[in-house]
Amino acid sequence: MKKIIYTLFGAAFLFAACTQTEEPFTKDNTEAGGFSLTAGIGTKTVYTPPFGVEWEATDQLTVLVDGRNVKFTKAAGEGDVFTTSDFTPQESIEYDYNVFYPYYEGFTSLDENGVTLESVSLPYGDCGVQKSVSDASHVKGFLAGKTTAEGMESPNVTLSHLTSVITVNVTNTSGRTIDISGIEISTDVEGTVLGGNFKVDFAQGRLVADGTENSGTAVLNVENGTIDAGRNGVFYVIVPEFKVPAGNNIIVTVKTRANSVLSFNKTANEELDFRQGGVYNTSVDVDERPMMNGVELKDIKDNIMASCWDNSGTNHGVWFDDLVHGQEIQFSGIYDIEDIYNRDFLEYDNESGIVTYIGETQSLDVFYSSTMGYIWMANDGYDKSKVLYMNGYGLTQAPKWTTALDGIGWQMDRGNKYVVSTPWIFKNIDGQYSSAIYFSDTNAWKNDEYISQFQLIGFDDSADWIYYTITAGEGSEEYISTAMDNNVPTVNWNAAYPGYYRLTFTVDHDAKTAVMSAEKID
Amino acid sequence: MKQNEKLVYESPEIVGFETIMENGFAISGIEAPDYDPDRSFEF
């Protein structure tokens with residue numbers, strides 16, 4: 001058995017519901033030797049798309065009668081019977097019954113026009129949360145009705161919906177999985193109220209915005225909103241009645257957990273009357289793109305040879321002018337940013353989720369791979385005096401190893417175009433270079449002894465390769481052996497892998513030597 | 001109306017639906033209204 005816990009917000013007696021907890025039947029003694037029963041409450045009315053609504057066992061009603069708020073609870077079994085032990089009509093007295101669903105203890109009485117003195121909130125409580133894609137169990141609107149009956153005569157009440165449902169059918173055309181976090185409905189019609197606090201007008205059978213917390217946006221939060229590429233999902237938003245004149249727009253906004261906010265204007269060709277009790281359907285195609293500071297990034301998910309080395313322009317990413325050290329970077333359309341952000345140029349705050357640019361102030365070429373899961377940032381054309389290269393196998397700058405990388409290793413003779421497997425080592429100060437490298441334990445090259453081997457390479461003045469002899473410096477021996485021949489360090493198996501490592505090389509260009517230090521980083 | 005077994009307490013306090021009716025009241029025939037297809041449209 002479950003019991004609904006209602007929460008009151010301050011003096012306004014705003015209404016929150018749908019928060020559920022397990023609790024058995026309880027018995028509360030009342031005065032005059034009577035009693036009341038608080039039954040365990042199950043979920044509220046059951047909505048079966050597209051139009052069906054049924055009572056759930058032990059649903060409860062608010063009944064304003066004889067100047068009181070009386071709770072009626074649905075009796076178990078067949079039939080639409082609601083009972084109370086808190087009210088007994090007197091013979092020969094005519095009563096006005098104002099009935100509201102669900103039960104709200106905050107209602108006290110009505111004004112002279114039949115309007116409640118207190119307000120309810122829309123959406124209310126957890127009812128503003130859809131639990132998963134295409135799940136409709138959160139659809140629980142307000143119902144109201146009124147009637148008159150005399151004495152013990154059972155009132156004949158017809159309830160009507162005070163809200164309606166907008167169904168938003170989202171098709172994922174992004175070519176990759178997306179994760180919906182919320183849906184919002186608004187209009188460009190001034191004065192439209194789609195959320196906030198409302199009084200109940202029993203005389204007119206409608207909601208009346210009370211001027212507090214009222215918003216022109218209906219908000220649905222979504223849990224478990226994953227939609228695979230090419231698939232669709234349906235989302236249900238509860239709204240009060242509203243109208244949209246011809247030529248105006250209904251704005252459907254889709255939010256994702258990758259911080260994308262995608263809005264779609266639906267223009268009314270004629271006046272659209274979203275009357276209470278209706279179900280209104282719309283569809284949107286969501287093509288979520290990776291964005292940085294509002295600019296779409298190039299996604300190299302199929303072309304791992306995309307490169308910013310050749311200056312041809314065709315393989316460049318997106319150029320960002322004058323990135324300033326310390327500035328905040330806004331990413332959207334990129335999932336798991338905490339795993340894939342570029343450790344050499346960016347800093348990620350785990351608590352705030354804020355990404356900060358930590359490189360020197362400069363212009364950079366930026367691109368992204370949804371397949372490999374990484375954000376590359378580089379100078380145009382890469383000045384040989386500013387960068388060295390790692391060459392080998394089993395190492396990447398991206399945390400994902402894909403089968404597209406399996407055949408690629410020791411590829412310097414092919415022009416350094418494999419940006420994934422040929423990491424750049426950036427110059428920090430004269431004679432010192434460092435970069436964050438991801439060593440993966442799932443790469444195709446690994447064997448029982450080691451998971452990666454690599455060289456450190458630069459250029460001489462004639463643009464010929466320089467191969468540096470690497471010796472182990474601080475911390476590196478814990479992770480990397482330099483005992484191999486041919487200046488090829490070996491990344492050994494140990495408990496530290498896989499993960500990001502910051503490798504720092506102190507280089508003597510004339511002697512063609514480098515002392516390496518290694519540090520595991522988050 | 002039939003006795004509501006869900007509202008019956010076990011001993012020592014046996015409370016049946018008839019007892020409730022002696023002290024309270026019931027409303028019957030309140031239907032949960034479906035949404036109205038005639039009020040619905042695509043946009």
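Is Arg502(A) buried, exposed or partly exposed? In this predicted model, Arg502(A) is partly exposed, its relative accessible area being 22%. Its side chain forms a salt bridge with that of Asp344(A), with an N to O distance of 3.0 Å.

Over all chains, the structure holds 8 salt bridges. Another of these pairs Glu241(A) with Arg206(A) through their side chains, at 3.4 Å from N to O. Distant parts of the chain are linked here: Glu241(A) belongs to the loop between β23 and β24 (242–244) of chain A, Arg206(A) to strand β20 (residues 206–209) of chain A, and the two are 35 residues apart. Glu241(A) is partly exposed, with 32% relative accessible area, and Arg206(A) is partly exposed at 34%.

A salt bridge also joins Asp287(A) to Arg289(A), where the closest N and O atoms are 2.8 Å apart. Asp287(A) is partly exposed at a relative accessible area of 30%, and Arg289(A) counts as partly exposed at 36%. Through shared partners, salt bridges connect Asp287(A), Arg289(A) and Glu296(A) in one network.

Cavities of 30 Å³ or more number 2 in the structure.

Among the residues lining it are Pro123(A), Cys127(A), His138(A) and Tyr236(A). Strands β21 (218–222) and β23 (232–239) of chain A are the elements that give two or more residues to this lining. The largest contribution, 3 residues, comes from β23(A). The lining of the second largest cavity divides into 7 nonpolar and 2 polar residues, and none is charged.

Chain A has a mean pLDDT of 82, and 83% of its residues reach 70 or more. Over residues 1–43 of chain A, pLDDT stays under 50, and the model has 117 contacts beyond four places in sequence for this segment. Residues 305–313 of chain A likewise stay under 50, with 33 such contacts. Where pLDDT is low, predicted coordinates should not be read in detail.

Conventions. Residues are numbered from 1 along each chain as its sequence is written. Chains are lettered from A and ligands numbered from 1 in the order in which they are written. This is a predicted model: local features need pLDDT of at least 70, side-chain atom pairs count only at pLDDT 80 or more; totals for chains, interfaces and linings use all residues. Side-chain values use heavy atoms; hydrogens and water are left out. pLDDT is the predictor's confidence in each residue, from 0 to 100. Contact means heavy atoms within 4.5 Å. On a 1 Å grid over the protein atoms alone, a cavity is a set of points where a 1.4 Å probe fits but cannot get out, and a pocket is an open set with protein on both sides within 12 Å along at least five of seven lines; lining residues have an atom within 4 Å of a point. Grid points are joined across faces, edges and corners, and a volume is the space filled by probe spheres set on the points. Helices (H or I, at least four residues) and strands (E, at least two) are DSSP runs, numbered from the N terminus. Ala, Val, Leu, Ile, Met, Phe, Trp, Tyr, Cys and Pro count as nonpolar, Asp, Glu, Lys and Arg as charged, and the others, Gly among them, as polar. A salt bridge is a side-chain nitrogen of Lys or Arg within 4 Å of a carboxyl oxygen of Asp or Glu. Buried means under 20% relative accessible area, exposed over 50%, partly exposed in between (1.4 Å probe, protein chains only).
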